[in-house]
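Here's a quick tour for you. Have a look at the sequence and the 3D view, then read on.

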Amino acid sequence: MNFNIAVLPGDGIGPEVVREGTQVLKQVAGLYRFQVELEEGIVGGASIDAHGKPLTEPVLKLAKESDAVLLGAMGGPKWDALDYSLRPERALLALRQELGLFANLRPVKLFSALASASTLKREVVEGTDLLVVRELTGGIYFGQPKGITKLPDGTERGVNTEVYTTPEIERIAKVGFDAARRRRKKVTSVDKANVLEATELWRKVVTRVHKEQGYTDVALDHMLVDNCAMQLIRDPKQFDVMVTTNLFGDILSDEAAMLTGSIGMLPSASLGGKVGMYEPVHGSAPDITGKDMANPLATILTIALMLRHSLDQGKAADRVEAAVEKVLDEGYRTADIKSPGCKLIGCKEMGRLVRDKIEKLG
Ligand code: IPM
Ligand code: MG
């Protein structure tokens, strides 16, 4: 088997963590006897510098024609002053939309060795294992009308629109129910149905899909987003699969990341189109760029998701995750997850240790 992987390292710590991720990918390809061909493309701020825009046609084509896309991170203070339509983040949004990636899976699993790295109490976070299923190509991120207009009195008016249609809600609800079937069979749909009509529809459609499409073996409950934000830090173990809108998923997944000790631990998969896109949830972290301080584990765990969801290599995925767990159990930590008594190491060394464990786990 031969897989073409588009590698888009992006900005800031993106290239550093992606390097560790691709080394793991090449290693397991050797171990499990499949071929990977990696082709790199420039995106985000790096593309703005080279080509004047965050995403070029050739890179979009590279992504579309691949079997899977690995993405690092995009953005940084250098490009913050640019117009919205030219910002590095636009490349990410365009890729999601062009590739039809409406379902974003963000598994939030606490490795028990990291229970004390969380800012929350060990007894609250220990055992956390939830999956945020975030709608990714709709809602207020893309809804029309949008924009900033000048008013006659010289002030301005900024508008974004939360829009969801029945088919958009149906398909993401199904992704959530199907994912729950492979887990603990519980879905919490998160909305703001007491105030926002768009999510009143969301609740209605999710309820109907549950009933009419034969998902009654899965337990469904609904939660308002403000309550959910509170429940996540009060008792995260109550959640199995959380299905929610683009904006709420963006916010709740950052909050949930802190349950795992650091956003530097969180992988993600964006699915729904022909090609899956895989990225660590963290950003470009300009403050630590180039210092060999970044945590590559989110990207390495992202490779595990790619192996499982796009390359049909479930065993290799399990092995990568087990190797990460082992390195953490032995007390190795990057700066973002350090705790007293741990062995503080850099990005490259963390990558090397994980590869070492992958080798030994065979
Ligand atoms: C994320 C990020 C992006 C988002 C930004 C960088 C556009 O925060 O993937 O969570 O808001 O979706
Ligand atoms: Mg975000």
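Helix α1 passes helix α12 in a right-handed crossing, meaning that the near helix is turned clockwise from the far one by less than a right angle. This is a predicted model, where local features need pLDDT of at least 70, side-chain atom pairs count only at pLDDT 80 or more, and totals for chains, interfaces and linings use all residues. Residues are numbered from 1 along each chain as its sequence is written, while chains are lettered from A and ligands numbered from 1 in the order in which they are written.

**The helix pair**
- The axes of α1 (residues 14–31) and α12 (residues 347–360) come within 10 Å and cross at roughly 15°.
- That makes the two helices roughly parallel, a label for angles under 35 degrees.
- On the α1 side, the contact (C-beta atoms, placed from the backbone, within 7 Å) is made by E16, V17, E20, Q23, V24, Q27 and V28.
- From α12 come C347, G351, V354, R355 and I358.

**Around ligand 1**
- E89, L92, L93 and D250 sit around ligand 1, each with its C-beta atom, placed from the backbone, within 6 Å.
- Helix α4 (residues 89–98) gives the largest share of this shell, 3 residues.

**Residue I5**
- You'll find I5 in strand β1 (residues 2–10).
- I5 is buried, because 23 other C-beta atoms lie within 10 Å, and the cut-off for buried is 20 or more.
- Not counting residues up to four places away in sequence, I5 touches V36, E37, L38, S66, D67, A68 and L70.

How values were computed. Axes are lines fitted to C-alpha atoms, for helices over the stretch in contact, and angles run from 0 to 180 degrees between N-to-C directions. Helices (H or I, at least four residues) and strands (E, at least two) are DSSP runs, numbered from the N terminus. Angles under 35 degrees count as roughly parallel, over 145 as roughly antiparallel, 65 to 115 as roughly perpendicular and the rest as oblique. Two residues are in contact if their C-beta atoms, placed from the backbone, lie within 7 Å. A residue is buried if 20 or more other C-beta atoms lie within 10 Å of its own, exposed if 12 or fewer, and partly exposed in between; C-beta atoms are placed from the backbone.
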